[in-house]
Amino acid sequence: MNHDSYNDAYIREILNTVKTVAMVGASPQNVRPSYFVFKYLAERGYDMIPINPGQVGKSLLGKPFVASLQEIGRPVDMIDIFRSAEHVMPIVDIALTLDPLPKVVWMQLGVRHDEAAAKLEAAGIKVVMNRCPKIEYGRLSSEIQWMGVNSRTLSSKRAPIPTQGMRLSLNRSSLGGGSTAAADRVAQQNNKDKNDTA
Amino acid sequence: MNDRIPGFGTLAVHAGAQPDPTTGARATPIYQTTSFVFNDADHAASLFGLQSFGNIYTRITNPTTAVLEERVAALEGGTAALAVASGHAAQLVVFQQLLQPGDEFIASRKLYGGSINQFSHAFKSFGWNVVWADPDDVPSFERAVTDKTKAIFIESIANPAGSITDIEAVAAVARKAGVPLIVDNTLATPYLIKPIDHGADIVVHSLTKFLGGHGNSLGGIIVDAGTFDWSKGNKYPVLSEPRPEYHGIKLQETFGNFAFAIACRVLGLRDLGPALSPFNAFLIQTGIETLPLRMQRHSDNAKAVAEWLSAHPKVAAVNYSGLSDNRYHTLARKYAPKGAGAVFTFSLKGGYDAGVSLVSNLKLFSHLANVGDTRSLVIHPASTTHSQLDDEAKTRSGAGPDVVRLSVGIEDKEDLIADLEQALNA
Ligand SMILES: Cc1ncc(COP(=O)(O)O)c(C=O)c1O
């Protein structure tokens, strides 16, 4: 599958169906992007599990840190990888030993690993790379528009009233909106440059 | 794989707006409120810490203004936008994110007179130093680059003379220098020119002009193209380094390809304060719904008026890039194929006095210091908008003493031509 761009239906389906999310690389520091995303997704009703071997014994927003994916002890629907590309393959290899397998592996903004993606997809696992679930959730619910961000969606339908901790507003009916082709081109070029030098 | 991308006219009407979730109101409500309640202390803390999307106080975000912001971002093809109180405020906020005292930026000599003043005088008091370059000689931008250069600023269609800048050529200079290209797209609007498609990293507008379009509201906007890497070479510490105001957040790392727009909002607008009124945002976004219709009509009328003027015996010269003998015509056809906009200048054989008398004899054209109204407007720049420049700078920016500037409105072109005819013959 093409990982340069994803259609809204693919992302919406993932965000609508996963419930348990293990975040590898979750940071306890409240100025780190992983903390922002962890908190946001927890507030939207996802069952969040922080994975960070250096923090075991502590907890993040009331959820105890777990040392590794194998030690979660219950099924996870999605693994959100908050580690740079060179750490991805070992995490994916562990993910592929889980039983049941996760439905989705999501790699954060700036993280892309085509080889790992191919391996996951061969096992029937959906992959999202170089995206942020917080941004995508905010975009599809149009909540991100409050910050002046181009949600790339349009809708003539009344959105369900967003209520704290509820996930209603993600089900807004929408079609594609204004494109960000220039930014997308730069992102693709950067990825190409990275692969060429690697 | 991609969702269908709607056309410009559809985005102009719909982007950013949706029926109000609470009331079902189809037009965007005017959220005329200073502040927004928090759900609880934790919600407040997440909003102040930038961890959640949401509204705190109208100086920082407002749901009516947000519709305008997303609409202009979508029309320009940017990742995000920030609306502010005026075009000048937009420029101030942009440069405050990019420049430290002692830094330089390169600007085109052919700019709106107010921008020349802002850059030469107000910015100097912040230690931001402008270096001028000639848009008709792109290598002059390259020659002006030093290790202190932090940005390049041009107008797509320049005010007042309507000349067209070779955006792609200047963008290549900016890329080579490793600095962002800022394009003031006020006179073109994204309907005629989309600077981001030609390499702009940041687009600014005076919304006061064609975007609002009805001469009733001041406003400005900053669009982030999402194309510039702010972390390279530590040249833009505001975006790449931990922010003490936000307990050490790094903006580019956190907000990715819309970090510049966020910096403008949570540092620039929050701390400098030039917020747009939600009521103005409402009027401006209502104006934008008809932008494609108005802009085409403005351009078509301007071309008809320019052609008529160039055949008139009392007219010495007409500077409209939409005319085939104009020196910018090739650039106009490349960058603005739908039309060359509504603002242009012409000079009269009778010089300064003839210009002054023309302005006072017109009955339909309004004599005032603005452009981009539905109404046709006229001004003598040398004695008004450009009066604070010295004679050489006036001539260089296309506002010599014999020059009259028109902003052609959307009235019937026959009536505009008849008004000019009676005024020239009076
Ligand atoms: C090209 C251009 N840029 C910027 C401005 C400044 O905008 P404002 O008057 O909204 O501050 C103007 C106003 O005339 C303009 O024509």
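How many helices and strands does the secondary structure of chain B come to? It comes to 17 helices and 14 strands. Both are DSSP runs numbered from the N terminus, with at least four residues (H or I) for a helix and at least two (E) for a strand.

A word on the source. This is a predicted model, where local features need pLDDT of at least 70, side-chain atom pairs need 80 or more, and totals for chains, interfaces and linings use all residues. Residues are numbered from 1 along each chain, chains are lettered from A, and side-chain values use heavy atoms, without hydrogens and water.

Now the overall build. The C-alpha trace of chain B spans about 70 × 55 × 45 Å along its principal axes. Of its 426 residues, 62% count as buried, meaning under 20% relative accessible area with a 1.4 Å probe, protein chains only.

Next, contacts, meaning heavy atoms within 4.5 Å. Take those in chain B with a separation of 6 or more: 72% come from residues 24 or more positions apart.

On to the aromatics. Over all chains, the search finds 23 aromatic pairs. Rings of Phe, Tyr and Trp (its six-membered ring) pair if their centres lie within 6.5 Å; planes under 30 degrees apart are stacked, over 60 edge-to-face, the rest tilted. B:Phe105 and B:Phe119 are edge-to-face, 5.0 Å centre to centre and 90 degrees between the planes. B:Phe105 sits in strand S2 and B:Phe119 in helix H5, so this pair ties together parts 14 residues apart in sequence. B:Phe105 is buried at 0% relative accessibility; B:Phe119 is buried at 1%. Both belong to one aromatic cluster, whose members include B:Trp128 and B:Trp132.

Definitions and conventions
Buried < 20%, exposed > 50% of the residue type's maximum accessible area, 1.4 Å probe, protein only.
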